[in-house]
Amino acid sequence: MKKRAVLFNLQLFTFLFLLSSCSSPALDDYSDVSYELIDQNGETVIFPDDFKGAPLLVGFIYTNCPDICSFITANIGKVYNELEDPGNTQFLLVTFDPERDTPEVLKSYADAFDMDKEPFRFLTGDPETIDSFMQRVSLRTQESYSRELENDERMYFLSHTDKILLIDQNSRLIFDYGGSMTPVSILIEDLNKL
Amino acid sequence: MKTAAASLLLFVLVMAGCSGETQESAESFEISGEGIQIEGAWARPASEGRMSAAYFLITNFEDQNDNLISVQSDVAQLVEIHESYELDNGMMGMREVPELEIPSQSTIRLEQGGLHIMLIQVTRTLADGETFELTLNFANHGEQIVEIPIRL
């Protein structure tokens, strides 16, 4: 009887092991965090809780970045446009420059990319929350250089990690991409696997 | 200034990533012209007060090198030649390029993630489908005005 129980347990362990190897391995699990953010319409959202239940593509940007971040933003837009069935997939652009990227600024930026509409959300927050969020997703920034403009305004630019994340419906990080460098077709292929 | 007519055979590498691997294919096309020729120009949309970037190919058909020394436009407070590049720590940075040399009989590509014309604080919203003018100042060829279409 004892032998049978041991054999059953062994079979159960083998079955569970094989089952776990079939699913996508997670790089991180954001279930243990809760970041209060604000979207381009001034609505408060909680990451990741408010986005559970559907795959999530997240790009990281700042709106004073003319080259790399516009590339990331456009890539997120292209993924949505080229997905055969976007279903309930969610698309987020999160700023790492919350001092300048207010909800109003993000709304105007989103509008320029024709993305101030569902299912896109552009998110900012208080600097401490954004800093904590960026540390968790391993996104680094540093001021690169600045310019004095005619109106005496000081314009500064940031060096930053180039990043898009694919998060599954259970808030698990499945892929971490070079945001501007990854072909849209790869993002779509990976999204279709979820 | 002597202007030589010439044609160049351009080889463009088309990169396509595939599951971590990189596939490369080469396509070639021939362009003819003289002096300095600008092709494939476009710029990103931007809302008023924000940033945009313009991209194009510059071909120098001359027997002498030329330099793009400055760029002007009335749609931005400042217009500069910039380059995005990867820092040693893996971050993406941007730096100003004071002058851009266009070697004789060759093409320089301004493209996303690399060389670009940076439009700092645009003075009006640049919407998809509109156009604006850029004035390029070359050391040998002087001013050249280019119509830049805005697109996503």
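Gln105(B) counts as partly exposed, at 31% relative accessibility (buried means under 20% relative accessible area, exposed over 50%, partly exposed in between, with a 1.4 Å probe and protein chains only). Gln105(B) also has a positive phi of about 55°, although it is not a glycine. This is a predicted model, in which local features need pLDDT of at least 70 and side-chain atom pairs count only at pLDDT 80 or more, while totals for chains, interfaces and linings use all residues. Residues are numbered from 1 along each chain as its sequence is written, chains are lettered from A in the order in which they are written, and side-chain values use heavy atoms, with hydrogens and water left out.

**Backbone geometry**

- Most residues other than glycine have a negative phi, and most peptide bonds are trans.
- Gln105(B) lies in the loop between β8 (100-102) and β9 (106-110) of chain B; helices (H or I, at least four residues) and strands (E, at least two) are DSSP runs, numbered from the N terminus.
- Gln121(B), not a glycine, has a positive phi of about 55°.
- Gln121(B) sits in strand β10 (residues 115-122) of chain B.
- Gln121(B) is buried, at a relative accessible area of 7%.
- Phe47(A) and Pro48(A) are joined by a cis peptide bond, with omega about 5°.
- Pro48(A) belongs to the loop between β3 (44-47) and β4 (56-61) of chain A.
- Another cis peptide bond runs from Glu118(A) to Pro119(A), with omega near 5°.
- Pro119(A) falls in the loop between α3 (103-112) and β6 (120-124) of chain A.

**Chain A and the cores**

- Chain A has five helices and 10 strands.
- Of its 194 residues, 52% count as buried.
- In chain A, residues 24 or more positions apart account for 67% of the contacts with a separation of 6 or more; contact means heavy atoms within 4.5 Å.
- The largest nonpolar core has 61 residues; such a core is a set of buried Ala, Val, Leu, Ile, Met, Phe, Trp, Tyr and Cys residues joined through side-chain atoms within 4.5 Å.
- Phe47(A) and Phe60(A) have the most contacts inside this core.
- Leaving aside neighbours within four places in sequence, Phe60(A) touches residues including Ile72(A), Val94(A), Phe96(A), Phe133(A) and Lys163(A).
- A second, separate core of 31 residues includes Ala54(B), Phe56(B), Leu100(B) and Phe132(B).

**Interface of chains A and B**

- Chain A brings 37 residues to the contact and chain B brings 34 residues.
- The area buried between the two chains is about 2,700 Å², with 56% from carbon and sulfur atoms; buried area is the accessible area (1.4 Å probe) that two parts lose on being put together, summed over both.
- Pro66(A), Asp67(A) and Arg147(A) lose the most area in chain A, together 21% of what that side buries.
- Three salt bridges cross the interface (a side-chain nitrogen of Lys or Arg within 4 Å of a carboxyl oxygen of Asp or Glu).
- Arg147(A) and Glu80(B) meet in a salt bridge through their side chains, at 2.7 Å, N to O.
- Between chain A and chain B, 12 residue pairs are in polar contact, both residues at pLDDT 80 or more; a polar contact is a pair of N or O atoms within 3.5 Å, where within protein one must be able to donate a hydrogen and the other to accept it, and residues adjacent in sequence count only if both atoms are side-chain atoms.
- On the side of chain A that touches chain B, α2 (68-82), α3, β7 (141-148), β8 (154-160) and α5 (184-193) each supply at least two residues.
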